[in-house]
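Subject: Structure handover and what was found in it

Dear colleague,

My notes on it come after the structure itself.

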2 protein chains.
Amino acid sequence: MSRLPVAIDAMGGDRHPGPEVEAAIAVAQEDVPVLLVGDRPRVEAALAVAREQLEVDGALPIAVRHCAEAITMDDPPAAAVRAKKGASMPVCFDLVLAGEASSVVSAGNSGAMLACGLFKYKRIKGVDRPAIVTTFPTLRGSCCLLDMGANVDLRALNFVQFAVMGARYAAFEHDKERPLVGILSNGTEDSKGTPLTRAAHELLGAHASPDFDYAGYVEGRAVFEGKVDVVVTDGFTGNVALKMVEGTAHALGVFLRRGIEQSPLSRMGAAMMRTAFDEVKRRVHPDNYGGAPLLGVNGVAVICHGSSSAVALANGTRAAHRFAQRNVGPELAASLDRHAAVIAAAKQRD
Amino acid sequence: MSRLPVAIDAMGGDRHPGPEVEAAIAVAQEDVPVLLVGDRPRVEAALAVAREQLEVDGALPIAVRHCAEAITMDDPPAAAVRAKKGASMPVCFDLVLAGEASSVVSAGNSGAMLACGLFKYKRIKGVDRPAIVTTFPTLRGSCCLLDMGANVDLRALNFVQFAVMGARYAAFEHDKERPLVGILSNGTEDSKGTPLTRAAHELLGAHASPDFDYAGYVEGRAVFEGKVDVVVTDGFTGNVALKMVEGTAHALGVFLRRGIEQSPLSRMGAAMMRTAFDEVKRRVHPDNYGGAPLLGVNGVAVICHGSSSAVALANGTRAAHRFAQRNVGPELAASLDRHAAVIAAAKQRD
């Protein structure tokens with residue numbers, strides 16, 4: 001097992017470096033080595049504060065790499081990665097390339113993470129566009145969705161590759177031996193969807209896969225009932241849909257709290273239900289779903305939400321460490337090779 | 001006030017004619033006249049059963065128009081409306097055109113409802129594409145979203161017209177004097193979105209409206225926090241997003257029930273919270289949001305979900321009756337006239 005540390009971008013998240021440093025301590029206590037990349041004085045001060053607050057004594061496998069510059073959320077991704085070569089995020093990728101880190105985790109600019117993945121790691125052979133894959137809970141377990149934001153303008157070829165990559169991801173990350181893959185659509189009939197989804201739907205319907213089963217079009221209800229293991233969509237639709245899901249969950253929580261506050265009986269009932277509420281929160285909270293890996297590049301990069309808590313970042317770091325052990329790239333390339341026929345058909349069609 | 005009845009398609013919904021007939025009785029008891037359009041023997045039998053079950057005596061303003069044919073959910077919309085001229089849905093529209101009904105409500109094939117609206121009512125002057133508008137609850141009240149499924153392939157011109165129509169709708173249906181309109185996107189920065197959303201975003205940003213304020217791009221969290229009154233999107237994204245929202249709400253309910261079942265204390269707590277739970281359910285249940293009107297045609301048509309309950313259909317019928325009283329068409333046309341400059345700019349751009 002690799003003892004290389006996970007490089008954590010300590011200048012990424014909205015409230016950096018606090019959550020990044022706490023996440024580093026949490027995973028280091030589980031013997032996952034980490035390398036915090038950021039402004040040394042700030043990172044070390046935050047480390048000292050967090051160690052005291054968390055009452056952590058003794059040596060931990062945490063190192064700090066100084067780096068004063070940062071890519072911000074407002075920076076134009078590709079230009080920023082080119083211009084700010086010494087910023088914490090690209091430096092994390094450079095550390096992987098130099099053999100000093102196993103993988104990268106950042107809660108920073110997700111477009112810049114994609115750009116770093118493309119420029120530094122390069123694409124896996126056979127992948128035209130990498131995708132960001134996210135996992136969310138369903139009534140039967142979990143489901144992964146890609147792309148959740150890397151690509152807005154896609155072709156059927158990309159959908160086919162996303163299906164292949166998503167299926168491999170569901171196999172190794174969620175233990176689904178032969179995953180069921182669906183395309184997100186506005187109805188299940190063949191006539192539904194956009195010209196893009198219809199082209200991808202026809203291609204996946206016409207070519208049986210050696211690695212997964214194709215379920216056709218899926219809608220929201222079926223997705224949350226766990227009827228598929230992988231949902232394929234473009235990055236605009238995927239991102240909009242997931243943020244609407246987050247908004248819904250948040251609003252329902254507030255509605256319920258308001259309802260509870262309206263009577264002493266409800267308040268007492270809610271207190272008695274605390275365990276049940278906590279269990280639901282634990283199950284559905286995005287913090288517990290380990291960040292969103294970038295699939296399709298020669299290296300491990302896990303993207304966390306800008307507002308990530310220490311819990312979310314720790315889960316993202318665990319995921320990065322796990323993928324780095326697994327060496328996923330060759331598996332994805334081999335699976336894409338096994339799908340040469342449908343990929344060739346997609347290329348001819350686009 | 002018009003005493004014309006609302007034409008209810010009694011062969012539309014998945015479980016017709018039961019919910020349609022019960023909805024008719026509910027609104028007729030409030031003195032809203034209805035005309036049930038469908039297979040007379042089945043409709044009259046269902047009426048007799050429902051009257052007995054609901055213990056309704058005496059005369060009600062309910063009439064039945066016989067019509068044996070139906071458009072099914074699987075029928076290709078435009079072709080079916082052309083071929084099945086005697087089906088219940090197009091007959092409802094014919095009754096409005098003949099001055100025998102004020103408006104149409106159906107839980108049938110929504111594509112066919114759109115086709116009927118286009119072929120029978122025709123578009124309002126100045127509208128290139130009608131849109132289906134839906135209302136959902138937010139933390140501050142309610143918000144409407146269009147398009148929720150009528151149009152998959154759009155231009156910036158359509159987005160601009162949707163913004164204008166949606167704002168008028170929010171004004172008369174939700175009493176928002178000067179609605180705040182946003183475009184659904186994968187981020188709030190100007191660089192986000194698709195080429196289509198960016199074009200619409202620039203147009204609405206550059207031309208101040210006499211009727212509404214433009215809030216820019218919005219994401220799911222802001223939508224449910226009630227930061228805008230109107231959300232504009234294409235029919236594919238809108239439909240996918242809303243079905244993901246429904247799926248989320250359903251899954252959260254199941255997770256919570258599972259949590260409650262795990263201990264007697266939770267079960268007791270849940271019983272004490274019944275009023276709070278019922279209040280949340282009432283607030284967020286789609287049944288209580290009155291169907292989705294088709295905006296942009298010369299007549300009133302309200303589209304209900306295929307699985308609509310009697311409560312949902314009754315709310316849809318009340319909405320249809322209300323719009324028919326209001327005579328919305330000229331208001332929309334006048335508002336579109338007031339936006340001639342931005343519409344001309346959009347046409348030049350597309």
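What follows goes from the contact between the chains to the helix pairs, and then to some single residues.

Please keep in mind that this is a predicted model, in which local features need pLDDT of at least 70 and side-chain atom pairs count only at pLDDT 80 or more, while totals for chains, interfaces and linings use all residues. Residues are numbered from 1 along each chain as its sequence is written, chains are lettered from A and ligands numbered from 1 in the order in which they are written, and side-chain values use heavy atoms, with hydrogens and water left out.

To begin with the two chains, 52 residues of chain A are in contact with 52 residues of chain B, where contact means heavy atoms within 4.5 Å. Between them the chains bury about 5000 Å², and 76% of this area is on carbon and sulfur atoms; buried area is the accessible area (1.4 Å probe) that two parts lose on being put together, summed over both. Two salt bridges are counted between chain A and chain B, a salt bridge being a side-chain nitrogen of Lys or Arg within 4 Å of a carboxyl oxygen of Asp or Glu. E219(B) and K243(A) meet in a salt bridge through their side chains, at 2.3 Å from N to O.

Helix α10 (residues 264–272) of chain A and helix α10 (residues 264–272) of chain B have axes that come within 7 Å and cross at roughly 160°. Helices (H or I, at least four residues) and strands (E, at least two) are DSSP runs, numbered from the N terminus, and axes are lines fitted to C-alpha atoms, for helices over the stretch in contact, with angles running from 0 to 180 degrees between N-to-C directions. The angle therefore makes α10(A) roughly antiparallel to α10(B), on a scale where angles under 35 degrees count as roughly parallel, over 145 as roughly antiparallel, 65 to 115 as roughly perpendicular and the rest as oblique. The crossing of this pair is left-handed, meaning that the near helix is turned anticlockwise from the far one by less than a right angle, whereas clockwise would be right-handed. In α10(A), the residues L265(A), S266(A), M268(A), G269(A) and M272(A) meet L265(B), S266(B), M268(B), G269(B) and M272(B) in α10(B). By class, this contact has six nonpolar, four polar and no charged residues, where Ala, Val, Leu, Ile, Met, Phe, Trp, Tyr, Cys and Pro count as nonpolar, Asp, Glu, Lys and Arg as charged, and the others, Gly among them, as polar.

Within chain A, helix α1 (residues 18–28) and helix α2 (residues 40–53) pack at an angle of about 60°, with their axes 9 Å apart, and are therefore oblique to each other. Here α1(A) passes α2(A) in a right-handed crossing. From α1(A), V21(A), E22(A) and I25(A) meet V43(A), A46(A), L47(A), A50(A) and R51(A) of α2(A), and the residues of this contact divide into six nonpolar, no polar and two charged. In chain B, the axes of α1(B) and α2(B) come within 9 Å and cross at roughly 60°, and this crossing is right-handed.

Over all chains, a search of the whole structure finds 38 salt bridges. One of them joins R65(A) to E100(A), with the closest N and O atoms 2.6 Å apart. Since R65(A) lies in strand β3 (residues 62–66) of chain A and E100(A) in the loop between α4 (88–97) and β4 (103–106) of chain A, the pair ties together parts that are 35 residues apart in sequence.

Lastly, some details of the backbone deserve a look. The peptide bond from L146(A) to D147(A) is cis, with omega near 5°, and D147(A) is placed in the loop between β7 (141–146) and α6 (156–174) of chain A. The bond from H16(B) to P17(B) is a cis peptide bond too, with omega near 0°, and P17(B) lies in the loop between β1 (6–9) and α1 (18–28) of chain B. D175(B), although not a glycine, has a positive phi of about 55°.
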